[in-house]
Amino acid sequence: MTLSNRGQVDPFIVMDVMRAANQREADGHDVIHMEVGQPGTPAPQLALSAASQALHADSLGYAEALGLPELRARIARHYDEAYGAAVSADQVIVTSGSSGGFQLAFLAAFDAGARIALAMPAYPAYRNIIKALDLEVVPVRTGAGSGFQMTAEALDEAARRTKLDGVLIASPANPTGAMIEPGELADIGKVAQQHGLTLISDEIYHRLTYGTVPEATALTSNPDAVVINSFSKYYSMTGWRIGWMIAPHEMVRPIERLAQNLFISVPTLSQIAAVEAFDATPELESNFAVYRANRDVLMDGLPSVGFTKLAPSDGAFYIYADVSDLTRDSEALCRRILEEANIAVTPGTDFDPEAGKTTLRFSFAGPTSHMVEAVKRLKSMKLSQVD
(Lines give C-alpha, C1' and ligand atoms only; values in the text may rest on other atoms or scores of the structure.)
Protein backbone atom coordinates (compact mmCIF):
# COMPACT_ATOMS: atom_id res chain seq x y z
CA MET A 1 0.00 0.00 0.00
CA THR A 2 1.26 3.49 -0.89
CA LEU A 3 0.59 6.31 1.55
CA SER A 4 -0.35 9.69 0.10
CA ASN A 5 1.91 12.63 0.88
CA ARG A 6 -1.17 14.25 2.40
CA GLY A 7 -0.86 11.78 5.26
CA GLN A 8 2.66 12.94 6.02
CA VAL A 9 1.77 16.02 8.05
CA ASP A 10 3.60 16.78 11.28
CA PRO A 11 2.26 15.15 14.46
CA PHE A 12 0.01 17.22 16.71
CA ILE A 13 2.43 17.01 19.64
CA VAL A 14 0.02 18.38 22.24
CA MET A 15 -2.21 15.34 21.74
CA ASP A 16 0.78 13.05 22.34
CA VAL A 17 1.54 14.99 25.52
CA MET A 18 -2.07 14.62 26.63
CA ARG A 19 -1.91 10.87 26.00
CA ALA A 20 1.25 10.56 28.09
CA ALA A 21 -0.28 12.69 30.86
CA ASN A 22 -3.48 10.63 30.85
CA GLN A 23 -1.45 7.43 31.10
CA ARG A 24 0.55 8.83 34.00
CA GLU A 25 -2.73 9.79 35.66
CA ALA A 26 -4.08 6.28 35.09
CA ASP A 27 -0.96 4.96 36.82
CA GLY A 28 -1.97 6.83 39.95
CA HIS A 29 -0.11 10.14 39.67
CA ASP A 30 -1.77 13.50 40.39
CA VAL A 31 -1.24 15.31 37.08
CA ILE A 32 -1.90 19.00 36.50
CA HIS A 33 -3.01 19.46 32.90
CA MET A 34 -1.54 22.58 31.31
CA GLU A 35 -1.03 21.10 27.85
CA VAL A 36 -4.36 21.28 26.01
CA GLY A 37 -6.08 24.57 25.28
CA GLN A 38 -9.56 23.80 26.47
CA PRO A 39 -11.71 25.24 29.26
CA GLY A 40 -12.10 23.17 32.38
CA THR A 41 -15.72 24.31 32.66
CA PRO A 42 -18.83 22.78 31.06
CA ALA A 43 -21.02 24.41 28.45
CA PRO A 44 -23.15 27.22 29.91
CA GLN A 45 -26.35 26.17 31.64
CA LEU A 46 -28.59 27.87 29.07
CA ALA A 47 -26.96 25.83 26.31
CA LEU A 48 -27.25 22.60 28.32
CA SER A 49 -30.92 23.24 29.04
CA ALA A 50 -31.67 23.88 25.38
CA ALA A 51 -29.85 20.71 24.38
CA SER A 52 -31.68 18.66 27.01
CA GLN A 53 -35.03 19.93 25.82
CA ALA A 54 -34.15 19.23 22.19
CA LEU A 55 -33.12 15.68 23.00
CA HIS A 56 -36.64 14.94 24.17
CA ALA A 57 -38.62 17.08 21.73
CA ASP A 58 -36.68 17.18 18.46
CA SER A 59 -35.92 14.50 15.89
CA LEU A 60 -32.44 16.05 15.43
CA GLY A 61 -32.16 15.36 11.73
CA TYR A 62 -29.79 16.97 9.26
CA ALA A 63 -29.58 20.76 9.27
CA GLU A 64 -28.86 22.89 6.23
CA ALA A 65 -25.17 22.76 5.31
CA LEU A 66 -24.75 26.45 6.10
CA GLY A 67 -26.34 26.03 9.52
CA LEU A 68 -29.65 26.57 11.29
CA PRO A 69 -31.17 29.90 10.16
CA GLU A 70 -31.75 31.00 13.76
CA LEU A 71 -28.10 30.40 14.68
CA ARG A 72 -26.80 32.19 11.60
CA ALA A 73 -29.01 35.17 12.42
CA ARG A 74 -27.83 35.18 16.05
CA ILE A 75 -24.17 35.12 15.00
CA ALA A 76 -24.75 38.03 12.60
CA ARG A 77 -26.42 39.97 15.42
CA HIS A 78 -23.40 39.30 17.62
CA TYR A 79 -21.14 41.23 15.25
CA ASP A 80 -23.33 44.30 15.49
CA GLU A 81 -23.52 44.05 19.29
CA ALA A 82 -19.84 43.30 19.92
CA TYR A 83 -18.08 45.33 17.20
CA GLY A 84 -20.63 47.54 15.47
CA ALA A 85 -19.88 45.57 12.30
CA ALA A 86 -22.64 44.99 9.75
CA VAL A 87 -22.76 41.29 8.92
CA SER A 88 -25.60 39.66 7.02
CA ALA A 89 -26.87 36.28 8.17
CA ASP A 90 -26.31 35.20 4.55
CA GLN A 91 -22.56 35.57 5.12
CA VAL A 92 -22.53 33.25 8.14
CA ILE A 93 -21.51 29.60 7.75
CA VAL A 94 -21.78 27.30 10.78
CA THR A 95 -18.82 24.90 10.86
CA SER A 96 -17.57 21.81 12.67
CA GLY A 97 -15.44 23.81 15.05
CA SER A 98 -12.88 26.26 13.74
CA SER A 99 -11.03 23.28 12.22
CA GLY A 100 -13.89 22.68 9.79
CA GLY A 101 -13.90 26.40 9.04
CA PHE A 102 -10.23 26.46 8.09
CA GLN A 103 -10.65 23.50 5.77
CA LEU A 104 -13.61 25.12 4.00
CA ALA A 105 -11.88 28.49 3.79
CA PHE A 106 -8.66 27.10 2.32
CA LEU A 107 -10.51 24.88 -0.16
CA ALA A 108 -12.78 27.69 -1.34
CA ALA A 109 -10.14 30.42 -1.52
CA PHE A 110 -7.05 28.67 -2.87
CA ASP A 111 -6.01 26.30 -5.63
CA ALA A 112 -3.30 23.68 -5.10
CA GLY A 113 0.12 25.29 -4.84
CA ALA A 114 -1.15 28.57 -3.39
CA ARG A 115 1.15 30.24 -0.88
CA ILE A 116 -0.13 31.54 2.46
CA ALA A 117 1.81 33.82 4.81
CA LEU A 118 1.70 32.70 8.42
CA ALA A 119 3.28 34.31 11.49
CA MET A 120 5.44 31.85 13.41
CA PRO A 121 5.05 30.45 16.02
CA ALA A 122 1.51 29.40 15.18
CA TYR A 123 -1.21 26.88 15.97
CA PRO A 124 0.10 23.65 14.38
CA ALA A 125 -3.13 22.69 12.64
CA TYR A 126 -2.79 25.74 10.38
CA ARG A 127 0.34 24.53 8.66
CA ASN A 128 -0.73 20.89 8.71
CA ILE A 129 -4.13 21.55 7.09
CA ILE A 130 -2.40 23.80 4.56
CA LYS A 131 0.12 21.06 3.79
CA ALA A 132 -2.54 18.35 3.53
CA LEU A 133 -4.43 20.45 0.94
CA ASP A 134 -1.32 20.83 -1.25
CA LEU A 135 -0.91 24.47 -0.28
CA GLU A 136 2.30 26.05 1.01
CA VAL A 137 3.08 27.96 4.19
CA VAL A 138 5.30 31.04 3.86
CA PRO A 139 6.54 31.55 7.43
CA VAL A 140 6.92 35.08 8.76
CA ARG A 141 9.12 35.00 11.86
CA THR A 142 7.96 37.01 14.87
CA GLY A 143 9.41 37.80 18.27
CA ALA A 144 9.45 40.38 21.02
CA GLY A 145 10.32 43.13 18.53
CA SER A 146 7.07 42.59 16.59
CA GLY A 147 4.98 41.79 19.64
CA PHE A 148 4.97 38.13 18.54
CA GLN A 149 2.51 39.06 15.78
CA MET A 150 2.18 39.61 12.06
CA THR A 151 2.71 43.25 11.10
CA ALA A 152 1.70 45.13 7.97
CA GLU A 153 5.36 45.89 7.27
CA ALA A 154 6.35 42.23 7.53
CA LEU A 155 3.46 41.14 5.31
CA ASP A 156 4.29 43.77 2.69
CA GLU A 157 7.94 42.70 2.71
CA ALA A 158 6.98 39.03 2.33
CA ALA A 159 4.58 39.82 -0.54
CA ARG A 160 7.29 41.79 -2.36
CA ARG A 161 9.91 39.10 -1.76
CA THR A 162 7.90 36.08 -2.90
CA LYS A 163 4.62 35.15 -4.49
CA LEU A 164 1.73 35.10 -2.01
CA ASP A 165 -1.93 34.25 -2.44
CA GLY A 166 -3.18 34.70 1.09
CA VAL A 167 -2.37 35.51 4.70
CA LEU A 168 -3.63 33.92 7.90
CA ILE A 169 -3.59 35.97 11.10
CA ALA A 170 -4.75 35.19 14.64
CA SER A 171 -5.50 37.70 17.39
CA PRO A 172 -5.31 36.67 20.19
CA ALA A 173 -2.83 34.09 18.98
CA ASN A 174 -2.07 30.54 20.01
CA PRO A 175 0.52 29.85 21.49
CA THR A 176 1.65 33.34 22.56
CA GLY A 177 -1.60 35.05 23.56
CA ALA A 178 -0.34 38.08 21.59
CA MET A 179 -2.83 40.45 19.97
CA ILE A 180 -2.76 42.82 17.00
CA GLU A 181 -3.53 46.48 17.71
CA PRO A 182 -6.66 47.67 15.82
CA GLY A 183 -4.66 50.17 13.76
CA GLU A 184 -2.13 47.50 12.80
CA LEU A 185 -4.96 45.12 11.95
CA ALA A 186 -6.42 47.72 9.59
CA ASP A 187 -3.01 48.23 7.98
CA ILE A 188 -2.63 44.47 7.47
CA GLY A 189 -6.00 44.49 5.73
CA LYS A 190 -4.85 47.30 3.44
CA VAL A 191 -1.62 45.49 2.54
CA ALA A 192 -3.60 42.32 1.81
CA GLN A 193 -5.88 44.26 -0.53
CA GLN A 194 -2.95 46.01 -2.24
CA HIS A 195 -1.31 42.66 -3.03
CA GLY A 196 -4.56 40.85 -3.89
CA LEU A 197 -4.28 38.46 -0.93
CA THR A 198 -7.14 36.60 0.70
CA LEU A 199 -7.09 37.58 4.38
CA ILE A 200 -8.20 34.89 6.84
CA SER A 201 -8.55 36.01 10.45
CA ASP A 202 -8.70 33.49 13.29
CA GLU A 203 -10.70 35.16 16.09
CA ILE A 204 -11.40 32.06 18.15
CA TYR A 205 -10.04 33.62 21.37
CA HIS A 206 -12.11 36.78 21.17
CA ARG A 207 -13.70 37.79 24.48
CA LEU A 208 -10.74 36.21 26.29
CA THR A 209 -8.64 39.39 26.47
CA TYR A 210 -7.05 41.15 29.43
CA GLY A 211 -7.32 44.82 28.53
CA THR A 212 -3.74 45.36 27.39
CA VAL A 213 -4.73 45.58 23.70
CA PRO A 214 -8.21 46.54 22.39
CA GLU A 215 -10.12 43.72 20.71
CA ALA A 216 -11.09 44.21 17.06
CA THR A 217 -12.43 42.06 14.24
CA ALA A 218 -10.80 42.13 10.82
CA LEU A 219 -14.25 42.78 9.33
CA THR A 220 -14.27 46.33 10.70
CA SER A 221 -11.46 47.39 8.38
CA ASN A 222 -11.64 44.72 5.68
CA PRO A 223 -15.17 43.57 4.76
CA ASP A 224 -13.69 41.04 2.33
CA ALA A 225 -11.85 39.19 5.09
CA VAL A 226 -12.76 35.62 5.98
CA VAL A 227 -13.26 35.47 9.74
CA ILE A 228 -13.29 32.21 11.68
CA ASN A 229 -14.50 31.78 15.25
CA SER A 230 -15.74 29.00 17.49
CA PHE A 231 -17.82 28.12 20.53
CA SER A 232 -14.92 26.09 21.93
CA LYS A 233 -13.04 28.69 23.97
CA TYR A 234 -14.99 31.60 25.49
CA TYR A 235 -18.26 29.65 25.27
CA SER A 236 -16.69 26.56 26.86
CA MET A 237 -18.13 24.13 24.28
CA THR A 238 -14.98 22.39 23.03
CA GLY A 239 -16.43 18.90 22.68
CA TRP A 240 -19.58 20.12 20.95
CA ARG A 241 -17.49 20.73 17.81
CA ILE A 242 -19.20 23.85 16.56
CA GLY A 243 -17.81 27.08 15.15
CA TRP A 244 -18.59 29.62 12.48
CA MET A 245 -17.20 31.55 9.56
CA ILE A 246 -18.01 34.95 8.08
CA ALA A 247 -17.27 35.01 4.35
CA PRO A 248 -17.74 37.45 1.47
CA HIS A 249 -21.01 36.82 -0.36
CA GLU A 250 -19.29 35.42 -3.45
CA MET A 251 -17.63 32.69 -1.38
CA VAL A 252 -20.77 31.48 0.40
CA ARG A 253 -22.22 29.27 -2.32
CA PRO A 254 -18.87 27.53 -3.10
CA ILE A 255 -18.38 26.94 0.63
CA GLU A 256 -21.91 25.58 0.92
CA ARG A 257 -21.26 23.06 -1.85
CA LEU A 258 -18.04 21.96 -0.16
CA ALA A 259 -19.76 21.67 3.24
CA GLN A 260 -22.62 19.63 1.78
CA ASN A 261 -20.20 17.06 0.41
CA LEU A 262 -17.58 17.01 3.16
CA PHE A 263 -19.70 17.30 6.31
CA ILE A 264 -23.41 17.25 5.25
CA SER A 265 -24.14 19.42 8.28
CA VAL A 266 -22.90 20.41 11.72
CA PRO A 267 -24.61 18.41 14.51
CA THR A 268 -28.07 19.87 15.00
CA LEU A 269 -27.98 19.43 18.78
CA SER A 270 -24.83 21.53 19.05
CA GLN A 271 -26.41 24.27 16.94
CA ILE A 272 -29.53 24.42 19.11
CA ALA A 273 -27.36 24.77 22.21
CA ALA A 274 -25.11 27.37 20.58
CA VAL A 275 -28.00 29.76 19.95
CA GLU A 276 -28.55 30.01 23.71
CA ALA A 277 -24.84 30.30 24.56
CA PHE A 278 -24.84 33.93 23.39
CA ASP A 279 -27.16 34.84 26.27
CA ALA A 280 -25.05 33.13 28.95
CA THR A 281 -22.74 36.10 29.47
CA PRO A 282 -22.86 36.24 33.31
CA GLU A 283 -21.80 32.58 33.60
CA LEU A 284 -19.17 32.91 30.89
CA GLU A 285 -17.71 36.06 32.42
CA SER A 286 -17.44 34.18 35.71
CA ASN A 287 -15.34 31.58 33.88
CA PHE A 288 -13.23 34.34 32.37
CA ALA A 289 -12.54 35.81 35.80
CA VAL A 290 -10.86 32.50 36.69
CA TYR A 291 -8.61 32.74 33.62
CA ARG A 292 -7.64 36.27 34.59
CA ALA A 293 -6.72 35.11 38.10
CA ASN A 294 -4.78 32.17 36.64
CA ARG A 295 -2.85 34.46 34.34
CA ASP A 296 -1.86 36.64 37.27
CA VAL A 297 -0.65 33.61 39.25
CA LEU A 298 1.58 32.41 36.41
CA MET A 299 2.85 35.78 35.22
CA ASP A 300 3.98 36.41 38.80
CA GLY A 301 5.05 32.86 39.64
CA LEU A 302 6.81 31.52 36.55
CA PRO A 303 9.71 34.03 36.65
CA SER A 304 10.41 33.00 40.24
CA VAL A 305 10.99 29.39 39.17
CA GLY A 306 13.25 30.10 36.19
CA PHE A 307 10.92 31.04 33.32
CA THR A 308 11.93 34.67 33.03
CA LYS A 309 11.26 35.42 29.34
CA LEU A 310 7.52 35.33 28.68
CA ALA A 311 5.40 36.47 25.74
CA PRO A 312 2.85 39.15 26.72
CA SER A 313 -0.26 36.92 27.03
CA ASP A 314 -2.62 39.73 26.02
CA GLY A 315 -5.42 37.24 25.38
CA ALA A 316 -6.42 33.56 25.19
CA PHE A 317 -5.31 31.35 28.10
CA TYR A 318 -1.68 30.66 27.28
CA ILE A 319 1.75 31.75 28.42
CA TYR A 320 4.62 31.15 25.99
CA ALA A 321 8.02 30.92 27.62
CA ASP A 322 11.47 31.25 26.07
CA VAL A 323 13.58 28.56 27.79
CA SER A 324 16.74 28.98 25.72
CA ASP A 325 18.70 29.63 28.93
CA LEU A 326 17.53 26.26 30.28
CA THR A 327 17.53 23.86 27.32
CA ARG A 328 17.88 23.34 23.58
CA ASP A 329 15.39 20.47 23.68
CA SER A 330 11.93 21.62 24.76
CA GLU A 331 10.43 18.18 24.24
CA ALA A 332 12.91 16.65 26.68
CA LEU A 333 12.20 19.41 29.18
CA CYS A 334 8.46 18.75 28.91
CA ARG A 335 9.04 15.06 29.56
CA ARG A 336 11.13 15.92 32.61
CA ILE A 337 8.46 18.29 33.96
CA LEU A 338 5.82 15.57 33.56
CA GLU A 339 7.98 12.90 35.20
CA GLU A 340 9.33 14.99 38.08
CA ALA A 341 6.52 17.47 38.78
CA ASN A 342 3.49 15.71 37.27
CA ILE A 343 2.69 18.78 35.17
CA ALA A 344 1.82 18.41 31.49
CA VAL A 345 2.95 21.31 29.28
CA THR A 346 3.44 21.57 25.52
CA PRO A 347 6.83 21.95 23.82
CA GLY A 348 7.26 24.85 21.44
CA THR A 349 8.12 22.47 18.61
CA ASP A 350 4.38 21.94 18.15
CA PHE A 351 4.07 25.59 17.11
CA ASP A 352 7.42 26.08 15.40
CA PRO A 353 9.42 22.93 14.54
CA GLU A 354 12.71 24.83 14.54
CA ALA A 355 12.63 27.84 16.88
CA GLY A 356 10.26 25.96 19.16
CA LYS A 357 13.10 23.80 20.46
CA THR A 358 13.70 26.50 23.08
CA THR A 359 10.10 27.41 24.03
CA LEU A 360 7.21 25.97 26.06
CA ARG A 361 3.49 26.74 26.21
CA PHE A 362 1.51 26.71 29.46
CA SER A 363 -2.29 26.59 29.24
CA PHE A 364 -4.01 28.19 32.24
CA ALA A 365 -7.61 27.21 31.51
CA GLY A 366 -7.96 25.01 34.62
CA PRO A 367 -8.76 25.89 38.24
CA THR A 368 -6.71 28.57 39.97
CA SER A 369 -5.69 26.08 42.66
CA HIS A 370 -3.95 24.05 39.95
CA MET A 371 -1.95 27.09 38.84
CA VAL A 372 -0.81 27.78 42.39
CA GLU A 373 0.18 24.15 42.87
CA ALA A 374 2.00 24.08 39.52
CA VAL A 375 4.23 26.97 40.59
CA LYS A 376 5.04 25.15 43.84
CA ARG A 377 5.94 21.95 42.00
CA LEU A 378 8.12 23.76 39.46
CA LYS A 379 10.02 25.45 42.28
CA SER A 380 10.85 22.04 43.72
CA MET A 381 12.44 20.97 40.40
CA LYS A 382 15.28 23.51 40.52
CA LEU A 383 14.97 24.23 36.81
CA SER A 384 18.19 26.24 36.71
CA GLN A 385 20.03 22.90 36.77
CA VAL A 386 18.61 21.75 33.41
CA ASP A 387 21.35 21.12 30.82
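## Cavities

A cavity is here a set of grid points at which a 1.4 Å probe fits but from which it cannot get out. In this predicted model, three such cavities of 30 Å³ or more are present.

The largest cavity has a volume of about 90 Å³, and its lining is made up of Leu-118, Ala-119, Pro-121, Ala-122, Tyr-126, Phe-148, Gln-149, Leu-168, Ile-169, Ala-170, Ala-173 and Asn-174. By class, 10 of these lining residues are nonpolar and two are polar, while no charged residues take part. Two strands, β3 (115-120) and β5 (166-170), each supply at least two residues of this lining, and β5 gives the most, with three residues.

The second largest cavity holds about 50 Å³ of space. Around the second largest cavity lie Ala-65, Ile-93, Val-94, Thr-95, Ser-96, Leu-104, Ala-259, Phe-263, Ser-265 and Val-266, of which seven are nonpolar and three polar, again with no charged residues. Strand β2 (residues 92-95) provides the largest share of that lining, namely three residues.

## Strand β5 and its partners

Strand β5, which contributes three residues to the lining of the largest cavity, is largely enclosed by the rest of the structure, because five of its five residues are buried. In a regular strand the side chains alternate between the two faces of the sheet. In β5, Gly-166, Leu-168 and Ala-170 point one way, whereas Val-167 and Ile-169 point the other way, and all are buried.

Pairing connects β5 to two other strands. With β3 it pairs in the parallel sense over three bridges, and Ala-117 stands opposite Val-167 of β5. With strand β6 (residues 198-202), β5 likewise pairs in the parallel sense, here over five bridges, and Gly-166 stands opposite Thr-198 in β6.

## Aromatic pairs

The structure holds 20 aromatic pairs. One of them joins Tyr-235 and Phe-278 in an edge-to-face arrangement, with 5.4 Å from centre to centre and 65° between the planes. This pair links distant parts of the chain, 43 residues apart: Tyr-235 belongs to the loop between β7 (226-230) and β8 (243-246), and Phe-278 to the loop between α9 (268-277) and α10 (281-305). Both partners fall under the 20% relative accessible area that defines a buried residue, and therefore Tyr-235, with 3%, is buried, as is Phe-278, with 4%.

Elsewhere, Phe-12, Phe-102, Phe-106, Phe-110, Tyr-123 and Tyr-126 form one aromatic cluster. Of these, Tyr-126 is also one of the residues that line the largest cavity.

## Leu-310 in strand β9

Leu-310 lies in strand β9 (residues 309-310) and counts as partly exposed, because its relative accessibility is 21%, while the buried class ends under 20%. When residues up to four places away in sequence are not counted, Leu-310 touches Met-299, Leu-302, Pro-303, Ile-319, Tyr-320 and Ala-321.

How values were computed. Residues numbered from 1 in each chain as written. Predicted model: local features only at pLDDT ≥ 70, side-chain atom pairs only at ≥ 80, totals over all residues. Heavy atoms only, no water. Phe/Tyr/Trp six-rings, centres within 6.5 Å; stacked < 30°, edge-to-face > 60°. Helix = DSSP H or I, 4+ residues; strand = E, 2+ residues; numbered from the N terminus. Buried < 20%, exposed > 50% of the residue type's maximum accessible area, 1.4 Å probe, protein only. Contact = heavy atoms within 4.5 Å. 1 Å grid on protein atoms, 1.4 Å probe; cavity = no way out; pocket = protein on both sides within 12 Å on 5 of 7 lines; lining within 4 Å. Points joined across faces, edges and corners; volume = space filled by probe spheres on them. Nonpolar A, V, L, I, M, F, W, Y, C, P; charged D, E, K, R; others polar. Pairing = 2+ DSSP bridges.
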